[in-house]
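Please examine the sequence and the structure before reading on.

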Amino acid sequence: MAKSSEFLKKLNAFLNSMVTMWVVTYEEERFFNLLRKIAQKNAGNGKDIYEYEVMSWSVGEGLLNMKPYLVSSNNVYRNPEPVKQFGTGIKQRITQEFGNVDMNASLDQPIVTFREAYDYIMMNSSCHTYIIKDFHNFFEKNRSDYPENVRRMRDIIFHLRTNNGNLIFLSPSADIPPDLQHDVQSLDMPRPDDGDIEDLLNVALSAMKANNPNVEFDINYTKNGKLVKSKNKDAEALKQKFIYNLRGLSETEITQVISYAAVRNFGLKESSLEDIKESKKEKIAQFEFMEFIPTPNEVYVGGHSDFKSYIEQRGLYLDADMRDAYNLKAPKGTLVVGIPGCGKSVLAKYVAWRWGIPLIRLDMGAIYGKYLGQSEGHLREALRLAESNAPCVLWIDEVEKAVGTSSGDSGTSTRVFGKLLTWMSEREDMVYMYCTANNIKAIP
């Protein structure tokens, strides 16, 4: 099952079972587009869990009603109408509980602050889905309002749970506050998979052709459900190369990279691949601890006949026919030990070249941050990025310096090492881990 489809299935199940979620993603607009698919599918099946309002809150936008967008047939994202402090339902509720209240114009203002959103949610007992953006910033322990924020959020979780409501935290941070860990289910939103990338290509190329009929493409694409064929005889094979090289990027980054490559070449052509590779390299380089190296050019290494034979044999996994016929398992990785300058780094490039897959270098020294939990967050993001680029080679240089135990870092090295070991044993994607070490005795 594609990762996006699996995520949608989990999200739908959590929503229907009223589970409070902490969704980890940078792509807020894409999340709402995926949520929209669930809303429209359920509505078509007569299981509209969005019978009531779906609202989102952020410190910048305030409280917004998302339902008009989610049930609309228009794919363009528009900022929904701000929710007023005292709508019709809230007026009735307040009147019932507090008697006649003067609802003058000064009270009928958009809900902006978290305290106002809290009051609105707690006064409303109808079934709702609330999406809270970037609330991890409100859970920093050095904030003076930390205790109040945690208490109010736990009140909201209990209130919605007992009134058949849903709460979703939307955050780029995977660090759930300890006070909420037992009330919240973490859910990682994967980056676009091959099917998503193909859909983005179809949309981008259709829009380019509509704006400029003379623009040319060397790949096939779909427009309004109809296949538009290219004159290039290798159009489908080239399209797969484009999709493969766009893996690991966000939806916005993919759209930007496609547009850039098309403008540079007045269309999407085979020469555009180099522009895409270079753009992707620059995008990933924004993470200070990652370096993306596209499939290297020819790399020759003398000696090491046993290792070369091993690489040839294990590389059969990348052949789909061989993999299916013999039920081959993905190769895990290699630890290469030797003094500096003996060719360990060259062998990393050799593996990537021989298998025809990209090489991602992870600088474990740059993983470590000065704030508590930052190092683990960086490692989590790095491993997710590597998985989204699978198949690939993940190269960790001088690994003993990164995972050696240290008594003066409050256990950060130990936690990072533990997360890395867990990922190494449980990963399913073909991410070949190539580690180098100068001193093997320094590895725990």
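The model is predicted, so local features need pLDDT of at least 70, side-chain atom pairs count only at pLDDT 80 or more, and totals for chains, interfaces and linings use all residues. Residues are numbered from 1 along each chain as its sequence is written, and side-chain values use heavy atoms, with hydrogens and water left out.

The protein has 17 helices and 15 strands; helices (H or I, at least four residues) and strands (E, at least two) are DSSP runs, numbered from the N terminus. Of its 444 residues, 45% are buried, where buried means under 20% relative accessible area with a 1.4 Å probe, protein chains only. Among contacts (heavy atoms within 4.5 Å) between residues at least 6 apart in sequence, 73% join residues at least 24 apart.

In helix α5 (residues 114-123), the buried residues are Phe114, Ala117, Tyr118, Tyr120 and Ile121. They cover an arc of only 165° around the axis, which puts them on the same side of α5; the arc is that of the directions from the helix axis to the C-beta atoms.

The axes of helices α8 and α10, lines fitted to C-alpha atoms over the stretch in contact, come within 10 Å and cross at roughly 10°. These helices are therefore roughly parallel, a term for angles under 35 degrees. The table lists the residues that make the contact.

| Helix | Range | Contact residues |
|---|---|---|
| α8 | residues 235-245 | Leu238, Lys241, Phe242, Tyr244, Asn245 |
| α10 | residues 272-285 | Ser272, Leu273, Ile276, Lys277, Lys280 |

How values were computed
Buried < 20%, exposed > 50% of the residue type's maximum accessible area, 1.4 Å probe, protein only. Axes fitted to C-alpha atoms, helices over the stretch in contact; angles between N-to-C directions. Parallel < 35°, antiparallel > 145°, perpendicular 65-115°, else oblique.
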